[in-house]
Amino acid sequence: MTAPAAARPAGYTSPLPETRPTLGHAVASEWTKMISLRSTVWTLGSLAGLVVGIGLIAVANTSDTDYSQVPFLTPALFGLFVGQLSVMALGVLTISSEYGTGLVRTTFTAAPERHRVLTAKFLVFTGVAFATTTASVMLVGLATALVHGGPDAGPHGAGEWLGALGGCVYVTLLGVLGLAVGAMLRHSAGAIAAMLGVVTLPPVLGGFLTVWESTQGLGGLILRYNAPVALGDMFGLPMGDDAGPVPVRQLLVLLLVTGAAVAGAYAETARRDV
Amino acid sequence: MIEAVGLTKRFGAKTAVDQLSFQVRPGHVTGFLGPNGSGKSTTMRMIVGLDRPTSGHVTINGQPFRELPNAQRHVGALLDAKAVHGGRRARTHLLALAQLSGIPEKRVDEVLGVVGLQDVARQRTKGFSLGMGQRLGIAAALLGDPQVLLFDEPVNGLDPEGILWVRNLMKQLAAEGRTVFVSSHLMSEMALTADHLIVIGRGRLLADMGVSDFISLNSADFARVRAAGTGRAERDALAELLDGAGARVLTEPDGALRVTGLPLPRISDLAHEAGLRLWELSPHRASLEEAYMRMTQSAVEYTSTEDPRAELWAQEEQGLKPWPAEEAPQVSAEGWYAPPPPGAAAAPFLMPAQPGDLAQAPASRPTTAEDPR
């Protein structure tokens, strides 16, 4: 039907220089993806808006004496209770929107080293989520310190700022957990529902597990180590009476859970067809 | 060069691709044909490593796709025009893909020009038509200036102008020495584009040969003979004469005879000896579509007894009527009716009478820039 095969050249070599793709390339790509979607920008905006907005309302309605016992960062906690949902949703959407739209097939065709892409996603998400959370929390903390930093507030140390930073790490880890769950479930609604369960179920589950004697220990443990309680611990509103460095233990527990989920995400991404 | 050896993919009990072995060579447009659900897309997905073969393997230039050092610079693929995030702008989508392999940003604007999407580059892809999506997918495939290109149903949703553009693009890419592997279920399209054909049915290889070989092996050539005058008497006399000489004769609605089994000079001699004048004596070669229908028909017949989905198979050949030559001889001589000649009717779109007509048409839309690379 067309020209005879003999006239055809044997092969084609591109004149463009060939570079070996690195993790840096993938990070640049993921950064472009993240900032080019209205949904991610809105999710981040809602996180900052919730933390700063609710925080400033709390600042406006408190007096210096209210801070004699609690840290300046506490107003940020109220917004962060809601804001953590935004972080988790963003974590899930970072990967599940690719699966949902089919973009992941284009991505993995362009970059068959799936681990490179997944690592870049984890890095970019962690950076963006941590930066946004920390900036919002610290803004509220600074506002409180400026407005209510009078003599009635009593002494305040650097420890409370460090605790709040731990809280930001905790929320970021929740988001990373969301990303890992999204990579395993590959479905936005399913993964977000699972993450909501992770945050909201423990108080309920722990509550009724403590009713029976045989499960009392387990119930107590669940009541002690869950997201809301952990954030309270780190923002200076302890809800338990354990001795020792509780915030560090809370972080370690989440780190273990997230680590397992991330390992699962890598294994699933490499193994399964897309 | 794409090389598949014993490629097999099972989804549960269903075998989508069954022991498929073939080679796709550089410098040619290789058409990949098969009815819907015959395993074309699954095969393509296995080539680019999206699906893992159950057994067998497929390599690109000797290496499995997932082990290529810079896959995007070696292989470009359009597998699904809708595999984009609708909320992202066209240019940003391509930019994110380019950045994955360190392809410079300027290249994004180049490929946008090549596919003619420069005017909508800053629109969100949600609002794109299927044809625009296809162009965007082709742009993504061309980003890395790859040696191997895979296109899964690239003309779906394109307007006639777009189809012509894709056709010329494929040929141009192959002429540059690239390996071009194009799947389609439109035979007429492949007849105009491909040099070589790989035909599969039910996941099995049915044919792997050049287009002209495929047609000559799978279809009978025929002569169209028209007796002088418009009356039936001349025509019937000629038909009887040729029938008596051992030919198989069918009539066409406009009064011509379709003759198989006799060489053209012999038909002329017979008519001359009988004192019959001829107004037409022309050789005809069956189209690729007819050849393909014959081949897949037999594949369906072969599997129909064990295949409960036979209904689905019948529906899939939308708009393509099977070549009815098999039925025609059963009709009695009195009410002869043969189908219209190939190419004259039932063309799905933009189908010229001769495949060569469009192939030589001037290239591309005016807005499409040359690929400068």
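What share of the 373 residues in chain B is buried?

1. **Chain B.** Buried residues account for 46% of the 373 residues in chain B. This is a predicted model. Chain B contains 13 helices and 13 strands. Take the contacts in chain B between residues at least 6 apart in sequence: 71% of them join residues at least 24 apart.

2. **Confidence in chain A.** The average pLDDT of chain A is 89. A score of at least 70 is reached by 94% of the residues. Residues 1–9 of chain A are another matter: pLDDT stays under 50 there. For that stretch the model has 18 contacts beyond four places in sequence. Where pLDDT is low, predicted coordinates should not be read in detail.

3. **Where chain A meets chain B.** The contact draws 38 residues from chain A and 50 residues from chain B. On the chain A side, four helices each supply at least two residues: helix 1 (23–35), helix 2 (38–60), helix 3 (74–101) and helix 4 (103–110). By class, the side of chain A that touches chain B has 17 nonpolar, 14 polar and 7 charged residues.

4. **Helix 3 against helix 7, chain A.** Helix 3 of chain A packs on helix 7 (residues 188–209) of chain A at an angle of about 155°. Their axes are 9 Å apart. An angle over 145 degrees counts as roughly antiparallel, so helix 3 of chain A is roughly antiparallel to helix 7 of chain A. The crossing of these two helices is right-handed. Helix 3 of chain A contributes residues including Met88(A), Val92(A), Leu93(A) and Gly100(A). From helix 7 of chain A come Ser188(A), Ala191(A), Ile192(A), Met195(A) and Val199(A). This contact has 8 nonpolar, 5 polar and no charged residues.

5. **Helix 1 against helix 5, chain A.** Helix 1 of chain A and helix 5 (residues 114–148) of chain A pack at about 55°, with axes 8 Å apart. That angle makes helix 1 of chain A oblique to helix 5 of chain A. Helix 1 of chain A crosses helix 5 of chain A in a right-handed sense. Among the residues of helix 1 of chain A in this contact are Leu23(A), Val27(A), Glu30(A) and Trp31(A). Helix 5 of chain A brings residues including Arg116(A), Lys121(A), Leu123(A) and Val128(A). The class count here is 10 nonpolar, 2 polar and 3 charged residues.

Notes
Residues are numbered from 1 along each chain as its sequence is written. Chains are lettered from A and ligands numbered from 1 in the order in which they are written. This is a predicted model: local features need pLDDT of at least 70, side-chain atom pairs count only at pLDDT 80 or more; totals for chains, interfaces and linings use all residues. Two residues are in contact if their C-beta atoms, placed from the backbone, lie within 7 Å. Ala, Val, Leu, Ile, Met, Phe, Trp, Tyr, Cys and Pro count as nonpolar, Asp, Glu, Lys and Arg as charged, and the others, Gly among them, as polar. Axes are lines fitted to C-alpha atoms, for helices over the stretch in contact, and angles run from 0 to 180 degrees between N-to-C directions. Angles under 35 degrees count as roughly parallel, over 145 as roughly antiparallel, 65 to 115 as roughly perpendicular and the rest as oblique. A crossing is left-handed if the near helix is turned anticlockwise from the far one by less than a right angle, and right-handed if clockwise. A residue is buried if 20 or more other C-beta atoms lie within 10 Å of its own, exposed if 12 or fewer, and partly exposed in between; C-beta atoms are placed from the backbone. pLDDT is the predictor's confidence in each residue, from 0 to 100.
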